[in-house]
Amino acid sequence: MIYVNVLIVLAAFILLLIIGNIKIVAQSNAFVIERLGTYSSTWSTGIHLKLPFIDRIANKVSLKEKVADFDPQPVITKDNVTMMIDTVIYMQITDPKLYTYGVVNPLGAIDYLTSTTLRNIIGELELDETLTSRDMINSRMRVVLDEATDPWGIKVNRVEVRNIQPPKGIQEAMEKQMRAERERRESILKAEGEKQSAILVAEGQKASAILKAEAEKAAAILQAEAKKEAAIREAEGEAQAILNVQQATAEGLAMIKAIKADEALIKLKSLEALQKVAEGQATKIIIPSDIQNLAGLVTSAAELIKK
């Protein structure tokens, strides 16, 4: 009976021992196994059985990408400006064995390596280049760190300079410079606006002057045409008047000719015209050369009346 109990206890112990040595490796994880103190294998995802008292899990490694945020590091630029730079490293374990046996405290080693690499890179740059060359700094640090951590089973995917903090005096000088630059840009924009406004005003005045000149020219042309038309009409009127006078004279002469007036009647009419001239206010009277003939004609006319 005692033998049976011992077997039951032994069987239960062995069962518990086997169950206790059944290990399940989750996704994106790996177990580094040592057998009698020597590296044996690396367990990937799935169920695994560990030999009791012989095998040992030396390290449990996560294969997910990790983010390592290190404390700000003091660095000195090429122009002797000390500043604090904060970096963030995105890394991933690619070989659990190398990660386990490659270096003691891998994160601490990467921290020191980041500091020295950052000092070397910033030491080659001046302040202005440091502030404007983040992409270059990130690329160079990633290449150096990835190459240095490759024997440790670590791959550095990205390096980001999160913050660059110059000294307070430099910050104040930069703020003044930025303020002056903004004021300069504001002045330039204001001057450009005033220039554009002046150009628009000048163009408006030019257009107005052109329109005014064209209007005055058109008015002068219309006025000249009106004067020309008036002169033409006046000339036509004078011509018509002269024509009418000539026509009346011609008609009078025709009438005289028609009634067969003799020379005595014509001279009598001339005398009547002379009499009318004498009645006027003229101070000089021109006497025709044949006045004697006119006198004789008057005498003859008087005698005819008496008879």
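How much accessible surface does the protein chain have, and what share of it belongs to carbon and sulfur atoms? In this predicted model, the accessible surface comes to about 22200 Å², and carbon and sulfur atoms account for 59% of that. The chain has 307 residues, and 20% of them count as buried. What about contacts along the chain? Taking those between residues at least 6 apart in sequence, 63% join residues that are at least 24 apart.

Now for a sheet. Three strands make up an open sheet in the order E3-E2-E5, and the pairing is antiparallel. Strand E3 (38-43) and strand E5 (55-62) sit at the edges with a single partner strand each, so one side of each has no neighbour in the sheet. Going from one strand to the next, the twist averages 25°. Strand E2, which covers residues 29-35, runs antiparallel to E3, and 5 bridges join the two.

A search through the whole structure comes back with 1 aromatic pair. It is made by Tyr-39 and Tyr-101, whose ring centres are 6.1 Å apart and whose planes stand at 80°; that angle is over 60 degrees, so the pair is edge-to-face. Tyr-39 belongs to strand E3 and Tyr-101 to helix H2 (residues 96-101), so the pair ties together parts of the chain that are 62 residues apart in sequence. Are these two tyrosines buried, partly exposed or exposed? Tyr-39 has a relative accessibility of 29%, so it counts as partly exposed. Tyr-101 is partly exposed as well, with a relative accessible area of 38%.

In soluble globular proteins, nonpolar side chains tend to be buried together. Here, the largest nonpolar core holds 29 residues, and Ile-85, Ile-89 and Ile-137 are those with the most contacts inside it. At least two residues of this core come from each of strand E8 (82-93), helix H3 (106-122), helix H5 (134-149) and strand E9 (154-165). Helix H3 gives the most, with 6 residues. What does Ile-137 touch, once residues up to four places away in sequence are left out? Its partners are Leu-118, Ile-121, Ile-122, Leu-125, Thr-130 and Val-161.

Helix H3 also contains Ala-109. This alanine has a relative accessibility of 18%, which is under the 20% cut-off, so Ala-109 counts as buried. Setting aside neighbours within four places in sequence, Ala-109 is in contact with Val-103 and Trp-152. Ala-109 and Thr-149 are 40 residues apart in sequence, yet from C-alpha to C-alpha they are 9.1 Å apart in space.

Definitions and conventions:
Residues numbered from 1 in each chain as written. Predicted model: local features only at pLDDT ≥ 70, side-chain atom pairs only at ≥ 80, totals over all residues. Heavy atoms only, no water. Buried < 20%, exposed > 50% of the residue type's maximum accessible area, 1.4 Å probe, protein only. Contact = heavy atoms within 4.5 Å. Areas by Shrake-Rupley, 256 points an atom, 1.4 Å probe, with all protein chains shown as cover. Pairing = 2+ DSSP bridges. Helix = DSSP H or I, 4+ residues; strand = E, 2+ residues; numbered from the N terminus. Axes fitted to C-alpha atoms, helices over the stretch in contact; angles between N-to-C directions. Core = buried A, V, L, I, M, F, W, Y, C linked by side-chain atoms within 4.5 Å. Phe/Tyr/Trp six-rings, centres within 6.5 Å; stacked < 30°, edge-to-face > 60°.
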